[in-house]
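Thanks for coming. I will take a few minutes to walk through one structure, starting with its aromatic rings.

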Amino acid sequence: MQNDCFLQGLTDFTAGQPAHRILLAPSRSVGQRLLAQAARRGVPVAGVTAHSLFTLAMELCAGATAGPEGLQPLTRLQTEELVRQSLCRHPVPGAAHLKGLDAARAVWRQLENDALACRELPAHDPLAPVRQDVEETLTRNRQLTRPGLYRLAIRRLEQGAVHLPAVAFARLDAVGLTPLEAQLWRTLTHGQETVLSLPSGTDRELADRLKPRCRFVECRGTENEIRWILGDLARSGIAPDRAAVAVPSPAAALQLWQEGKRTGLPVAVDGGIPLAGSAPASLLRGLEAWQQHGYEAETFLDLLGYPGFRVPHAAQLARQLRRQNIAWGRERYKLLWTPRKEDSKALAAIRPEWEPFFTRLFAALTPGAGQKQALADLLRESIAIPDGESAAALAQIRALLQQLTPQPGTNLLTDLLPAMDNSRYLSSGPRPGALFCASFAQCLGCGAEVLYVPGLSAAELLTPPQPLPFGGEPALPEEPLTVSLRRLLFSAQGQVVLLRPSYTVEDLLEQPPALLYTQLLQDCGAQEESFGFTNPSGLPAVPPVAPAEAEKPEGSKTFPDFTTWLAQTPLSASALEIAIQCPYRFMLQYFLHIPTEQPFPWPRTRWLEVNELGTLVHSVLQAYFDPKTSPAPDVDTLLKQQIGLRRESYPPAAEALVEKDIRKIQALVAAGCRTLPEGYKVLATELSFGGTDAPLTVPIGQYTLSVQGSIDRLDQAPDGSLAIVDYKTGRVNKYRSHPEHYVQPLLYTLAAEALQNRPGDVQLARYEGLADGSTVELPMTGPDRQKAVQQLESFLTYLCDTADAPACDPCLQWEENHWVPTPDDAPVRDSAAWCDYCPYHGFCPAKGGH
């Protein structure tokens with residue numbers, strides 16, 4: 001193992017003459033940090049300058065690029081714009097499926113690779129017209145791309161236009177060079193270079209090197225990796241600027257930066273964080289969605305809460321958008337600034353301010369000659385700069401906008417958004433008081449006392465390299481993450497903490513650790529720590545399988561008789577409602593207990609999954625209406641407690657999505673707090689019943705049914721009668737249209753009367769639709785109760801009669817005192833997507849299953 005080979009090689013390189021030396025590193029910042037680390041260990045580095053090949057080429061060409069008449073190096077976005085204009089003149093068949101900057105980016109990636117590879121082009125080159133057009137444009141405008149910069153540096157060296165003092169050259173073995181870059185380096189060094197090797201060795205040697213100072217941590221999801229790092233840093237008492245976090249992807253760096261911002265810990269991200277994660281970028285995406293939805297008012301209402309969006313009189317505007325039924329379409333927004341007779345003086349004074357605001361918005365979103373200036377005006381006048389972060393993001397967005405050229409018939413905003421996706425801002429190296437974060441390669445030489453390395457899952461480290469858009473070999477093969485990670489771990493001097501997530505946040509699927517993580521854990525003989533699990537020791541062990549019973553006589557049943565099972569098994573209202581919708585699924589799920597298939601992907605358009613959001617709302621309303629608590633607790637305090645718990649235990653999302661869900665939760669809770677009618681009082685909240693520990697049976701005609709569940713709220717009316725209340729975070733129209741499909745009101749009525757020992761006292765069941773404030777009231781007395789009992793009894797008979805061949809989604813309809821299957825397009829189907837969300841497609845003949 002080469003432990004000190006780099007320091008020894010650097011010492012030999014700096015000995016003697018000449019005094020001016022150049023060290024070629026993967027980047028200038030990495031080279032500077034490695035030199036600083038070597039200086040702290042006593043290696044003389046005076047006179048050594050660190051460079052990447054790009055910064056070196058810029059210095060070699062400084063004389064040719066200086067002044068107004070000098071050659072102009074182009075940014076990547078400017079180069080892509082140039083290629084896009086060329087593609088308009090010379091379409092490329094292979095890029096026909098791509099549009100705008102996506103096509104330009106793909107074509108330029110191929111052109112740049114071919115130039116750096118110095119390879120001979122095929123006789124029938126599909127990119128030849130674009131290649132020639134781009135070169136002619138660059139020559140005519142005196143512009144340089146990166147390959148052009150390298151070629152210019154080579155020519156200046158060969159012509160003797162660059163005067164170099166006595167120089168010695170060294171190159172880190174981690175620096176990979178394309179053929180064109182290698183030609184520039186050879187021309188500069190005349191083949192006289194010293195190769196400095198960074199520490200390396202086998203996995204066993206790496207484990208021996210790390211064993212005394214390495215920890216291994218398994219975290220419940222990637223969000224808990226970040227929380228563990230910040231928590232461990234606080235517990236250890238180490239100053240943030242003496243630690244570093246090496247991340248496998250820019251997304252992980254963004255997540256760390258956001259959590260640091262939330263907790264007040266500054267995070268310096270080398271290379272910057274994705275611009276797409278900034279508040280101004282999120283607002284622009286929201287405005288694009290508003291336009292694509294036909295300027296729908298409901299979509300615009302969501303934008304009013306975006307931080308930094310300067311909306312004149314936002315609260316009054318929100319009220320008028322709803323009151324005047326703007327709905328959608330640009331023309332209807334004129335109603336907002338049109339005076340009305342019933343306007344108050346205050347509103348009449350406000351309305352004129354909305355016209356220039358929306359005029360500016362529409363101009364910024366409408367393709368045309370003036371859109372670029374309108375977008376610039378929007379960024380300057382309608383987005384506030386509350387802090388340095390927003391200022392940096394807006395400055396970067398403005399710079400990107402200036403580099404774009406409007407194309408006829410193309411919305412400039414649709415070009416600006418992809419440009420933001422490929423851009424970063426707030427780039428920073430190590431600085432006092434800040435936690436340094438960088439990629440595996442850029443963390444080299446950071447000299448941290450503690451190095452945290454999160455994200456060590458197999459999927460994260462085995463990301464396949466991206467192929468070239470039009471085929472061929474890359475000029476420089478992409479270095480696997482595991483290679484740069486090994487190099488980093490060999491070079492680390494302080495404590496090392498390796499972390500891996502137990503599942504992926506996007507899909508909530510179990511994620512195996514990276515092979516290197518597993519190998520080091522085994523070779524180091526370490527004990528893996530756990531964080532974020534309710535059971536730190538992991539999942540409970542699978543119970544031992546009972547010995548197989550003797551073969552049963554022919555004709556015996558493996559499962560109990562269904563009618564017997566139905567009488568003995570506690571069932572919830574939701575289980576019976578599934579049975580009414582689809583007896584086939586009910587049999588698979590509840591009678592046969594067949595495990596479900598792969599879970600559905602985790603939603604990427606919201607923070608909390610629908611059921612979890614509903615649970616949160618129910619928890620707040622339960623505490624608010626709890627009759628045992630007096631006075632009623634503060635709703636805002638309850639909300640903060642419940643949301644705080646989810647932030648700690650639930651997978652994270654973009655802050656804009658989190659805030660959107662929080663606003664929705666606040667609105668639902670506010671609606672729920674208004675559901676207690678005047679004169680009513682609450683007797684109980686979350687009134688649980690049934691189950692195996694405390695079984696509860698209710699009579700349903702000829703059947704005695706064992707039931708279980710929890711009643712959201714039990715109210716007592718002024719006349720002493722009882723009312724069942726059930727909160728619904730969605731809409732409640734289906735309970736009004738097809739009450740026969742929903743047995744919850746009847747079962748909860750019978751259960752509440754049994755629990756309160758007040759038979760016949762429940763006279764009403766209410767569904768409270770918190771989303772729109774609607775209410776569905778179902779009488780539970782006399783003929784209405786008798787009909788509900790008759791319908792459920794008839795269905796139980798139908799279920800028992802068809803138990804041997806249950807129907808799949810029969811779409812049952814109640815007709816003349818019995819249930820009748822109806823055609824698939826019958827209006828009784830409560831949801832057209834009922835089958836889409838069923839987890840048993842693999843067992844369903846209707847879906848091609850078995």
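Some ground rules. This is a predicted model, in which local features need pLDDT of at least 70 and side-chain atom pairs count only at pLDDT 80 or more, while totals for chains, interfaces and linings use all residues. Residues are numbered from 1 along each chain as its sequence is written, and side-chain values use heavy atoms, with hydrogens and water left out.

There are 27 aromatic pairs in the structure. Rings of Phe, Tyr and Trp (its six-membered ring) pair if their centres lie within 6.5 Å; planes under 30 degrees apart are stacked, over 60 edge-to-face, and the rest tilted. Trp 290 and Tyr 333 make an edge-to-face pair, with 5.7 Å between centres and 80° between planes. This pair links distant parts of the chain, 43 residues apart: Trp 290 is in helix 13, and Tyr 333 is in the loop between helix 15 and helix 16. Helices here are DSSP runs (H or I, at least four residues) and strands likewise (E, at least two), numbered from the N terminus. Trp 290 and Tyr 333 are both buried, where buried means under 20% relative accessible area, exposed over 50%, and partly exposed in between, using a 1.4 Å probe and protein chains only.

Why is the pair of Trp 814 and Trp 819 edge-to-face? Because their ring centres are 5.3 Å apart and their planes stand at 65°. Trp 814 counts as buried at 15% relative accessibility, and Trp 819 is buried at 8%.

Now the cores. A nonpolar core is a set of buried Ala, Val, Leu, Ile, Met, Phe, Trp, Tyr and Cys residues joined through side-chain atoms within 4.5 Å. The largest has 77 residues, and Trp 290, Phe 300, Tyr 333 and Phe 358 touch the most other members. Helix 16 contributes the most to this core, nine residues. Another core, of 55 residues, lies apart from it and includes Leu 576 and Tyr 767.

Last, strand 7, residues 214-219. Is this strand mostly covered or mostly open? It is mostly covered, with five of its six residues buried. Strand 7 runs parallel to strand 14, and six bridges join them; strands pair if DSSP finds at least two bridges between them. Cys 219 stands opposite Pro 501 in strand 14. Strand 7 also pairs with strand 17 in the parallel sense, over three bridges, and there Val 217 has Glu 529 as its bridge partner.
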